[in-house]
Each structure stands twice: as structure tokens, then as C-alpha cells.
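Morning, everyone. Let's take a quick look at one structure, starting with the overall fold and then the core.

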Amino acid sequence: MQTVRRWFDRCLEAIAALLMAALTIILVLGFVYRFLGMSLVWYDEIASIGLAWLTYYGSALAAHRGAHIGFPGIVNAFPPGLRVAVTLVAEAIVIGFFLVLAVYGTEVVLVLQGSTLVSLPDVSQMVTQSVIPIASVLFIVAELLRLPEVIHDARTGGFEDHELKEALGSTEPAREPALERARP
């Protein structure tokens, strides 16, 4: 299972890095051409699509790493049994949301059949909007791959507050004071 998780993480990381590099190149090209007085017709449209793609694929990577926004302090305040139940309900809601997004994202892609970009008429909007169902499925896979770890953390010491840890600049796991008091 760890091999699959590592492979999935590396794939998502590669996609995000590639999108970041491509977006950087597009932005630099747009700046240079505009500076030279020869604005690119497609620059704005492609840059906004690239940013949307980076957001979707980057979110799937963040979900896989457990770095998305959460409230670990609230969940950690519950006793372990209830913490597991609350965690499972939260995971079911997240997976359910992305399942709905994947289904309706696919419908949107199908509706766009025959539509093209304004600035690049050879590029189908189906391609540009395919990020919605694809990234939604990747997000669901990320959540499912991380689920055993999440359940383990809910049963044992609770969840680490990544934001608090980063803000404090600590290398030690940051735990909520309520969790420390709850331990025997």
C-alpha cells in the first residue's frame, strides 16, 4: 500500500510541477511579448486555464498529503471512539462532494462538445474543462489511499495541526492542549 501511495504522490507532484513550470513559461512569454508590443492573443485565456488546472491538481496533491484545511483541534478534543466516528463522517462528506463534482463535471464536459476556446479555436473546451472530473476522481483516490492513516490517527493520538506546526517553526508534532489534557 505504501508503494501505491508513494507512486500516486509522485505522479500528482509531477503533474503539479509540470503545470507550475508551464504556467511560469506562459506568464513570462506573455510579459515579454506585451513588453515588445506584440501581445499574444491566447495568453490571458490559457493562463487562467493553467491556473485552474494547477488549483485542481494541487488540491488533489494536498489532500493526499493531508495538508488541506481542517480543524484538528476540534476533532482532537473528542474521545477516541467519537473522534473515529466524526472523522469517518467527515471523510464520507468529502468523498461524496467530490463524487458529485466528478459526475456533474463529466456532464459539463459533455455539454461543451463542439465548443472551442475563443482565442484558440482549434482547442476544445472539453479538454480544458476535463480537469473537473479528472481531478475530482484523483481527490477521491487520494482520500481513500489516506483513509487507513486517518483512521489510525483518529484512534490513537489524534491529528497533527500542520498550520500550527508551521507557524511555530517546530520540528516536533504540534498537538492541541486539549488533547494533551485528555491523555492519561
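I'll go from the overall fold to one helix, then to the packing.

First, the ground rules. This is a predicted model, where local features need pLDDT of at least 70, side-chain atom pairs count only at pLDDT 80 or more, and totals for chains, interfaces and linings use all residues. Residues are numbered from 1 along each chain as its sequence is written, and side-chain values use heavy atoms, with hydrogens and water left out.

The protein has eight helices and zero strands. Helices here are DSSP runs of H or I, at least four residues; strands are E, at least two; numbering starts from the N terminus. Of the 184 residues, 34% are buried, meaning under 20% relative accessible area with a 1.4 Å probe, protein chains only.

Now helix H2, residues 43-65. Its 23 residues should span 33 Å at 1.5 Å a residue, and the end C-alpha atoms are 32 Å apart, so the two agree. That expected span is 1.5 Å times one less than the number of residues. Buried residues in H2 include Tyr43, Leu54, Tyr57 and His64. Their cover includes helices H1 (2-35), H5 (125-129) and H6 (131-155). After H2 comes Gly66, with a positive phi near 70°.

Next, the core. A nonpolar core is a set of buried Ala, Val, Leu, Ile, Met, Phe, Trp, Tyr and Cys residues joined through side-chain atoms within 4.5 Å. The largest has 27 residues; Leu54, Tyr57 and Val131 are among those touching the most other members. Which element gives the largest share of this core? H2, with nine residues. A separate core has five residues, among them Val84 and Phe159.

Note on methods. Buried means under 20% relative accessible area, exposed over 50%, partly exposed in between (1.4 Å probe, protein chains only). Contact means heavy atoms within 4.5 Å.
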